[in-house]
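Here are some notes for a colleague who is opening this entry for the first time. Please read them with the structure in view.

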Amino acid sequence: MAKTKSCDRCGEVIFKINSICEDAEIICQKCNNVIYFNAGKYTTYEKKCSHCENDLFKLRRYDYGDKEIIKIECTKCKGEPKQYYVDREGNKIDRSVREILLIKDTIESVENNIYNIEDTISDIDNRVYYLESEVGSIINNIYSKDEMINGLEDNVDNIKSDIYSMSSEIDRLKNDIENIDNQIYRLEREF
Ligand SMILES: [Zn+2]
Ligand SMILES: [Zn+2]
């Protein structure tokens, strides 16, 4: 079932067509409100009906469940306006020129994609570089901590050997004192 679309502003149901590239402007006959109607790439609609040359149209809305299609319909014969191809300046072009324009657009969008990918790669490069230098400084930190620990271990070793030599000195002194004690004891006995 088709429903007639009316002007959002004034409720009028009859429109005229202004042909522009990729969107036909559907203009309300009463208040000049513009509804943009997508006609396809480098395509537009003629201002007149392809059958009867009438330039007044209705917009008919067909509901296909999840999809809604709007058709432009002549008020006299229910025919459609003829479609034709245009460039961005609005000049009429033939199909082969349109194909070339479409190919150019595709190449342009591929080039843009490549440019975006290059951007992304240089972004990733920057992040990797940052992480590498971060890892480098962490490794440097670990090295300098290792050196500190080695230095401390050396100190502890030195202190240990100091203690060892001091304790053997103490033992020697103890022996000496014992000898002197013995000598005193002997001298006391003799006299
Ligand atoms: Zn209107
Ligand atoms: Zn017609």
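**Notes on the strands and the helix**

1. Strand S1 (residues 2-5) and strand S6 (residues 57-64) run antiparallel and are joined by 4 bridges. Within this pairing, Lys-3 stands opposite Arg-61 of S6. The model is a predicted one.

2. S6 also pairs with strand S7 (residues 67-74): the two are antiparallel, with 8 bridges between them.

3. What lies between S6 and S7? The two strands form a hairpin with 2 residues between them, and Gly-65 in the turn has a positive phi of about 70°.

4. In the chain as a whole there are 9 strands and 1 helix. Read from the N terminus, the order is β-β-β-β-β-β-β-β-β-α. The radius of gyration is 49 Å, well over the 16 Å that the globule rule gives for 191 residues, so the chain is more spread out than a compact globule. The C-alpha trace spans about 160 × 40 × 30 Å along its principal axes.

5. Helix H1 covers residues 95-190, which is 96 residues. From its first C-alpha to its last it reaches 142 Å, close to the 142 Å expected at 1.5 Å a residue.

6. Is H1 buried or in the open? The number of buried residues among its 96 is 0, so H1 lies largely in the open.

Note on methods. Residues are numbered from 1 along each chain as its sequence is written. Chains are lettered from A and ligands numbered from 1 in the order in which they are written. This is a predicted model: local features need pLDDT of at least 70, side-chain atom pairs count only at pLDDT 80 or more; totals for chains, interfaces and linings use all residues. The radius of gyration is taken over C-alpha atoms; the globule rule is 2.2 Å times the number of residues to the power 0.38. The expected span of a helix is 1.5 Å times one less than its number of residues. A residue is buried if 20 or more other C-beta atoms lie within 10 Å of its own, exposed if 12 or fewer, and partly exposed in between; C-beta atoms are placed from the backbone. Two strands pair if DSSP finds at least two bridges between them.
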